[in-house]
Amino acid sequence: MFTIIEKQKDTLTLTIRDHLDVCSCIRIIETKDYINKLYVIISVKIHNFGGKLYMAPVSIIHPYIVYNIHS
């Protein structure tokens, strides 16, 4: 389903192209206090009506997901 663009010890970058172009970068950073931090960055480009239709519920739910992760 996803194409692996980059795979390293601390980084994984994946892409998929369909109604949407999705690029996901997942990275783990080791800190000085030995507590790892996980960073997830996702970029989405919509190409057509199918992509807009897919993103409609995501755009409604997204703020709630992000708020609960940071709380």
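Is Tyr 67 buried or exposed? At 59% relative accessibility, Tyr 67 counts as exposed. The cut-offs are these: buried means under 20% relative accessible area, exposed means over 50%, and partly exposed lies in between (1.4 Å probe, protein chains only). This is a predicted model, in which local features need pLDDT of at least 70 and side-chain atom pairs count only at pLDDT 80 or more, while totals for chains, interfaces and linings use all residues. Residues are numbered from 1 along each chain as its sequence is written, and side-chain values use heavy atoms, with hydrogens and water left out.

Tyr 67 sits in helix 1, which covers residues 49-70. Helices (H or I, at least four residues) and strands (E, at least two) are DSSP runs, numbered from the N terminus. Compare the position of Tyr 67 with that of His 19. The two are 48 residues apart in sequence. In space, 27 Å separates their C-alpha atoms.

Four of them form an open sheet in the order 1-2-3-4, with antiparallel pairing. Strand 1 (3-7) and strand 4 are the edges, and each pairs on one side only. Neighbouring strands of this sheet are turned by 15° against each other on average, direction ignored. For such angles, axes are lines fitted to C-alpha atoms, for helices over the stretch in contact, and angles run from 0 to 180 degrees between N-to-C directions. Two strands count as paired if DSSP finds at least two bridges between them.

Take strand 2 (residues 11-17) and strand 3. They run antiparallel, joined by seven bridges.

Glu 30 stands opposite Asn 36 in strand 4. Further along, Ser 24 faces Ile 42 of strand 4.

Which residue takes a positive phi in the hairpin of strand 3 and strand 4? Tyr 34 does, with a value near 65°. That hairpin has five residues between its strands, and Tyr 34 lies in this loop. A positive phi here belongs to a residue other than glycine. Tyr 34 is exposed, because its relative accessible area is 77%.

## Charged pairs

How many salt bridges does the structure hold? It holds two. A salt bridge is a side-chain nitrogen of Lys or Arg within 4 Å of a carboxyl oxygen of Asp or Glu. The table also lists a polar contact, meaning a pair of N or O atoms within 3.5 Å; within protein, one must be able to donate a hydrogen and the other to accept it, and residues adjacent in sequence count only if both atoms are side-chain atoms.

| Side chains | Contact | Distance |
|---|---|---|
| Asp 10 and Arg 27 | salt bridge | 3.7 Å, N to O |
| Asp 21 and Arg 17 | salt bridge | 3.2 Å, N to O |
| Asp 21 and His 47 | polar contact | 3.0 Å |

Start with Asp 10 and Arg 27, which meet in a salt bridge. This pair links distant parts of the chain, 17 residues apart. Asp 10 is in the loop between strand 1 and strand 2, whereas Arg 27 is in strand 3. Asp 10 counts as partly exposed, because its relative accessibility is 28%. Arg 27 is also partly exposed, at 38%.

Asp 21 belongs to strand 3. Its side chain meets that of Arg 17 in a salt bridge and makes a polar contact with that of His 47. Asp 21 counts as buried, because its relative accessibility is 17%. Arg 17 is exposed, with a relative accessible area of 66%.

## A nonpolar patch

Which residues make the nonpolar surface patch of about 590 Å²? They are Ile 26, Ile 28, Leu 38, Val 40, Ile 42, Val 44 and Ile 46. Patches are made of residues with over 30% relative accessible area and no salt bridge: like charges are joined within 9 Å, nonpolar side chains (Val, Leu, Ile, Met, Phe, Trp, Tyr) within 5 Å. Accessible areas come from the Shrake-Rupley method with a 1.4 Å probe; for residues, only the protein chains shown count as cover.

The largest share, five residues, comes from strand 4. Ile 28 lies in strand 3. It is partly exposed, because its relative accessible area is 41%.
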